[in-house]
Amino acid sequence: MNSGIKEKILFRKLEKKDKDAFVKAYDYYFDDIYRFVYFKVGKKDTAEDLTSTIFLKTWDFILNNSITDYKTLRALFYKIARNAIIDYYRKKSTQLEELIETFDYLDIKDESQDLEDKIDAKMEYEQVIDKIGELKDEYREILILRFVNELSVSEIADILEKETGNVRVTIHRALNALKDLVK
Amino acid sequence: MKNINSQLNSLKNIKPGSDYKSKNRELLLTQIYNTADAKPVDFSFGFTAYFRQISSELVNLMAQPAMVVGLVLISLFGAGLFGATASKGTKPGDSLYVAKRISEKTQLALTFDEKEKAELRIGFAGNRVEEIEKVLAENTENNEETKKTVDNLVNNVKSEVGAAKTGLQKISKNANIDTKVTEKVATTVNKASSTSPSGAKNEEDEVFSANLGKDKAGISVAEKEMTEVKKEVDSKALLTQAKESLKSDDVANTLSVLEKVDEAIDKTVDSGEVKGVEETAAATTTVIK
C-alpha cells in the first residue's frame with residue numbers, strides 16, 4: 001500500500017482514537033522522531049527519554065483533542081516533539097552544551113569498498129556529523145527534517161509554521177553554512 | 001568531498017537501540033490500553049477505510065487544474081468518439097442518426113488534406129448507400145415516406161460523390177496527372193452517385209450490379225425491391241474499391257485500374273441486361289486483381 005495513503009488511513013483512524021492505530025503509528029514514526037530529537041538535544045539518553053514522552057504526549061493529545069486541524073499525522077508528531085524539546089530546555093534553563101556525541105552509527109556495508117575508501121568515507125561522514133553540531137539550531141533542525149528524515153518542504157513549513165518560500169531559503173542557507181564548515 | 005546531501009541522508013543510520021525501542025513500545029502499550037476510551041472506537045476499518053481514502057484522494061487529484069482540463073478534453077473528445085461508435089449503424093429516423101451525421105461533418109471539418117477529404121466523402125457516400133439498403137429492407141411497402149427518405153439519401157450520395165470528384169480533380173491538377181484519366185475516375189465515382197432506389201429506370205444502377213462476390217442466386221432475384229437492395233450493396237462495394245484505390249500511393253496505376261473498371265461497367269450498361277452483370281463482375285474482378 002502506498003505510504004501516503006497508509007499514513008492517511010492511520011490519521012483517519014486516530015481521529016477516532018483508535019489505540020491499535022496509534023501502536024502502528026509508533027512503529028512507523030518512532031525512528032524518525034528519535035533521530036530528530038537526538039539531533040536537537042545531542043544526547044542519546046535524553047533523546048530516548050524525550051521520544052518516549054513525545055509519544056505519550058501525542059496519545060494524550062489525540063485522546064483529548066480533535067486532530068482534524070493538522071494536515072498530516074507526521075506534522076502532528078513533529079509539532080509535539082518540538083514543543084517537548086522546548087519544554088525540556090526551558091526546565092533545564094541551559095543552552096545546548098554538549099553537542100552531538102561521537103557516533104558509532106557508521107557501518108559501511110559495501111563489501112566491495114577497499115579499506116582506503118572506507119576510511120575516506122568514514123572521515124567525511126564524521127566530519128559532517130561534527131560540523132552539523134556546530135550549526136545553529138534552526139539550520140540543523142531544517143537539514144535533519146529535509147535531508148535525513150526526508151520531509152517535503154510543505155510539511156516542514158507546516159511543522160515550523162513558516163511559508164514554504166521561507167523554508168526553501170533557510171534550507172539553502174543551512175546547506176551553504178554546512179558546506180563552509182566542512183571545507 | 002562527496003555530495004553533502006547524500007552524506008546528510010546517511011545520517012538515517014542513526015536509530016534508537018532495538019532494546020530500548022521494544023521496551024518503550026511495551027510501556028506505551030500498557031499506558032495507552034489503560035486509558036479510558038474518550039469515544040467508542042469504530043472498528044469498521046479495513047477495506048471501507050481504504051476505499052474512502054482512495055476516493056477522497058481521487059477527488060483531490062481531480063480538483064487539480066491540469067486534471068480538470070484533461071477531464072474536459074476527454075469528455076469532449078470521448079463523447080465524440082463514443083457517439084460516433086454508438087451511432088455507426090444507424091439509419092434515418094433513429095435517435096442517434098443525427099449524431100452520426102454531425103460526427104461525419106466534424107470529421108470533414110477537421111480534415112484539410114484533399115485526398116483524405118475525398119476518401120472520407122466516398123466513405124460517407126458508402127454510409128448513405130448502406131442506409132438506403134437498411135431503409136428498403138425494413139420498409140418493404142413502397143410508401144411515400146420511404147421513397148422520400150431514400151430520395152434524400154440518394155441526393156446525399158450524389159452530393160458527397162460530387163464533392164469527392166471536385167476534390168479529386170483538384171488533386172490531379174496539382175499533381176499534373178493526366179486530366180483524361182482523372183475524368184475517368186471522376187466519371188466512375190459520379191456513376192456511383194447516381195444510384196437510385198427507383199433504379200430500374202436508371203441505367204447506371206446496373207453498374208452497381210457488378211457484383212464481385214455474390215452468387216448467382218442473389219443476382220437472379222426477380223422481385224424489384226430485393227434487386228434494388230442488392231444493387232445498393234453492389235454500389236457500396238464499388239465505392240469501397242474507389243476508396244481503397246485512392247489510398248494507394250501508385251496513383252497512376254490506380255487510375256488506370258479504375259479506368260478499366262469504368263469500361264467494364266460501361267459494357268454492362270450497354271447490354272442493359274441482368275445476365276450481363278455476371279460477365280462484368282468477372283471482368284471487373286480480373287481487372288482489379
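The model is predicted. Chain A has eight helices and zero strands. Chain B has twelve helices and zero strands.

**Chain A overall**

- Read along the sequence, the elements of chain A run α-α-α-α-α-α-α-α.
- Chain A holds 183 residues, and 37% of them are buried.
- Take the contacts in chain A between residues at least 6 apart in sequence: 65% of these join residues at least 24 apart.

**Chain B overall**

- Chain B holds 289 residues, of which 29% are buried.
- Among contacts in chain B between residues at least 6 apart in sequence, 67% link residues at least 24 apart.

**Helix α2 of chain A: a kink and what follows**

- Helix α2(A) covers residues 19–41 and has a kink of about 50°.
- The kink is centred on A:Y29.
- A:G42 follows α2(A). The phi of A:G42 is positive, near 80°.

**Helix α2 against helix α4 in chain A**

- Helix α4(A) spans residues 73–92, and its axis comes within 10 Å of the axis of α2(A).
- The two axes cross at roughly 35°.
- The crossing of α2(A) past α4(A) is right-handed.
- On the α2(A) side, the contact uses A:A25, A:Y29, A:I33, A:F36, A:V37, A:K40 and A:V41.
- On the α4(A) side, the residues are A:L73, A:R74, A:F77, A:Y78, A:A81 and A:I85.
- By class, the contact of α2(A) with α4(A) has eleven nonpolar residues, no polar ones and two charged ones.

**Helix α3 against helix α4 in chain A**

- Helix α3(A) runs over residues 44–64, and its axis comes within 9 Å of the axis of α4(A).
- These axes cross at roughly 125°.
- α3(A) and α4(A) are therefore oblique to each other.
- α3(A) passes α4(A) in a right-handed crossing.
- From α3(A), the contact takes in A:L50, A:T53, A:I54, A:K57, A:T58 and A:F61.
- From α4(A), it takes in A:L76, A:F77, A:I80, A:A81, A:A84, A:I85 and A:Y88.
- The residues of the contact of α3(A) with α4(A) are ten nonpolar, two polar and one charged.

**Helix α7 against helix α8 in chain A**

- Helix α8(A) covers residues 164–182 and packs with α7(A) at an angle of about 105°, the axes being 9 Å apart.
- That angle makes α7(A) roughly perpendicular to α8(A).
- α7(A) contributes A:V153, A:S154, A:I156, A:A157 and A:L160 to the contact, while α8(A) contributes A:T164, A:V167 and A:R168.
- The contact of α7(A) with α8(A) counts five nonpolar, two polar and one charged residues.

**Positive phi in the loops of chain A**

- A:K17 lies in the loop between α1 (3–15) and α2 of chain A.
- The phi of A:K17 is near 60°, a positive value in a residue other than glycine.
- A:K17 counts as buried because 21 other C-beta atoms lie within 10 Å, and the cut-off for buried is 20 or more.
- A:E150 sits in the loop between α6 (137–148) and α7 (153–160) of chain A.
- A:E150 is not a glycine, yet has a positive phi of about 55°.
- A:E150 counts as exposed because it has 11 C-beta neighbours inside 10 Å, and the cut-off for exposed is 12 or fewer.

**A buried proline in chain B**

- B:P92 is in the loop between α4 (65–86) and α5 (97–109) of chain B.
- B:P92 is buried, with 20 other C-beta atoms within 10 Å.
- Leaving out residues up to four places away in sequence, B:P92 touches B:Y97, B:E131, B:V135, B:T149 and B:L153.
- B:L153 is 61 residues from B:P92 along the chain, and their C-alpha atoms are separated by 8.8 Å.

Note on methods. Residues numbered from 1 in each chain as written. Chains lettered and ligands numbered in written order. Predicted model: local features only at pLDDT ≥ 70, side-chain atom pairs only at ≥ 80, totals over all residues. Bend = angle between axes of the 7 residues up to and from the residue. Helix = DSSP H or I, 4+ residues; strand = E, 2+ residues; numbered from the N terminus. Contact = placed C-beta atoms within 7 Å. Axes fitted to C-alpha atoms, helices over the stretch in contact; angles between N-to-C directions. Left-handed = near helix turned anticlockwise from the far one by under 90°. Nonpolar A, V, L, I, M, F, W, Y, C, P; charged D, E, K, R; others polar. Parallel < 35°, antiparallel > 145°, perpendicular 65-115°, else oblique.
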